[in-house]
Amino acid sequence: MNSVVFKIAVAASAVLFAACGGRQENRKGEKLDFGSATMDAGKSIVGEWDIAGIMCGDSIAISPAETMPGVDVAMELAADETYVVRTGCNTISGSYASRGNSIKFADGVMTEMACDDMAVEDALRQLLPEIEYCELSEDGAMATLSASDSRDIIRLTRKHD
């Protein structure tokens, strides 16, 4: 059943963002140009990632594996510049733009199921619009998404097939 809900959410997001055209604005009113989803030196952010950790400033650190053991908390970044985040309870989806080591996430949509622990959803909903940079490890197995102040961070590890 989760697979069906996920597919419906992805399809609805694709229709929504296709109808909005090729440019979006983030919460700051900045225009996002949805271009190539590649990083420097041919590295690609495209793929499925486990969300390994979330840091909000100096005070809040969330490890989904510890907070929600056994739950697949993941982000998929597609080549068509759309993203889907699955938290085991809610889904967040939207569009992103990436050029070089810069990445921006347009305001997305989120399901609003009441969950026992909403810390991951709350943190991601707050952080995604603030993210500006992406750094991939040399082997492309890890990524760090960060805001301009470098204190707000989302750490990702690439899923293996």
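User: What is the torsion about the S-S bond of Cys89 and Cys115, and is the disulfide left-handed or right-handed?
Analyst: The torsion is about -90°, so the disulfide of Cys89 and Cys115 is left-handed. The S to S distance is 1.8 Å. A disulfide here is a pair of cysteine sulfur atoms within 2.5 Å. By that rule the count comes to one.

User: Where do the two cysteines sit?
Analyst: Cys89 is in the loop between S6 and S7, and Cys115 is in the loop between S9 and helix H3 (119-127). They are 26 residues apart, so to speak distant parts of the chain, and the pair links them.

User: What about Cys56 and Cys134?
Analyst: Cys56 is buried at 9%. Cys134 is buried at 1%.

User: Switching to strands. Which strands does S7 pair with?
Analyst: S7 (residues 91-99) runs antiparallel to S8, with four bridges joining them. S7 also pairs with strand S6 (residues 82-86) over five bridges, again antiparallel. With strand S9 (residues 109-110) there are two antiparallel bridges. Two strands pair if DSSP finds at least two bridges between them. Strands (E, at least two residues) and helices (H or I, at least four) are DSSP runs, numbered from the N terminus.

User: Which residues are bridge partners?
Analyst: Ala97 partners Lys104 in S8. Ile92 in S7 partners Val85. In S9, the partner of Ile92 is Met110.

User: How many residues are in the turns?
Analyst: The S7 and S8 hairpin has two residues between the strands, and Gly100 in the turn has a positive phi of about 60°. The S6 and S7 hairpin has four residues between the strands, and Gly88 there takes a positive phi near 90°.

User: How many residues of S7 are buried?
Analyst: Eight of its nine, so to the eye S7 is mostly covered.

User: And which way do the S8 side chains point?
Analyst: They alternate along S8 (residues 102-105). Ile103 and Phe105 point to one face and are buried.

User: Which residues have the most contacts inside the largest nonpolar core?
Analyst: Ile51, Ile54, Met75, Phe105, Leu145 and Ile154. That core has 29 residues. A nonpolar core is a set of buried Ala, Val, Leu, Ile, Met, Phe, Trp, Tyr and Cys residues joined through side-chain atoms within 4.5 Å.

User: What does Ile51 touch?
Analyst: Leaving out residues up to four places away in sequence, its contacts include Pro64, Val73, Met75, Val85, Leu124 and Ile154. Contact means heavy atoms within 4.5 Å.

User: On to charges. How many salt bridges are there?
Analyst: Seven. A salt bridge is a side-chain nitrogen of Lys or Arg within 4 Å of a carboxyl oxygen of Asp or Glu.

User: Which partners does Asp72 have?
Analyst: Arg86, at 3.9 Å, N to O. Lys159 is another, at 2.8 Å. Lys159 lies in the segment after strand S12 (153-158) and Asp72 in the loop between H2 and S5, so this pair ties together parts that are 87 residues apart in sequence.

User: How accessible are those three?
Analyst: Arg86 counts as buried, at 17% relative accessibility. Asp72 is partly exposed at 38%. Lys159 is partly exposed at 25%.

User: What about Asp122 and Arg125?
Analyst: They form a salt bridge, with the closest N and O atoms 2.9 Å apart. Both lie in helix H3, three residues apart, about one turn of the helix.

User: Last topic, confidence. What is the mean pLDDT of the chain?
Analyst: It is 78, and 73% of the residues reach 70 or more. pLDDT is the predictor's confidence in each residue, from 0 to 100.

User: Which elements have the lowest and highest means?
Analyst: Helix H1 (residues 2-19) has the lowest, 37, and strand S5 (residues 74-77) the highest, 97. Over residues 4-41 the pLDDT is below 50. Where pLDDT is low, the predicted coordinates should not be read in detail.

Note on methods
Residues numbered from 1 in each chain as written. Predicted model: local features only at pLDDT ≥ 70, side-chain atom pairs only at ≥ 80, totals over all residues. Heavy atoms only, no water. Buried < 20%, exposed > 50% of the residue type's maximum accessible area, 1.4 Å probe, protein only.
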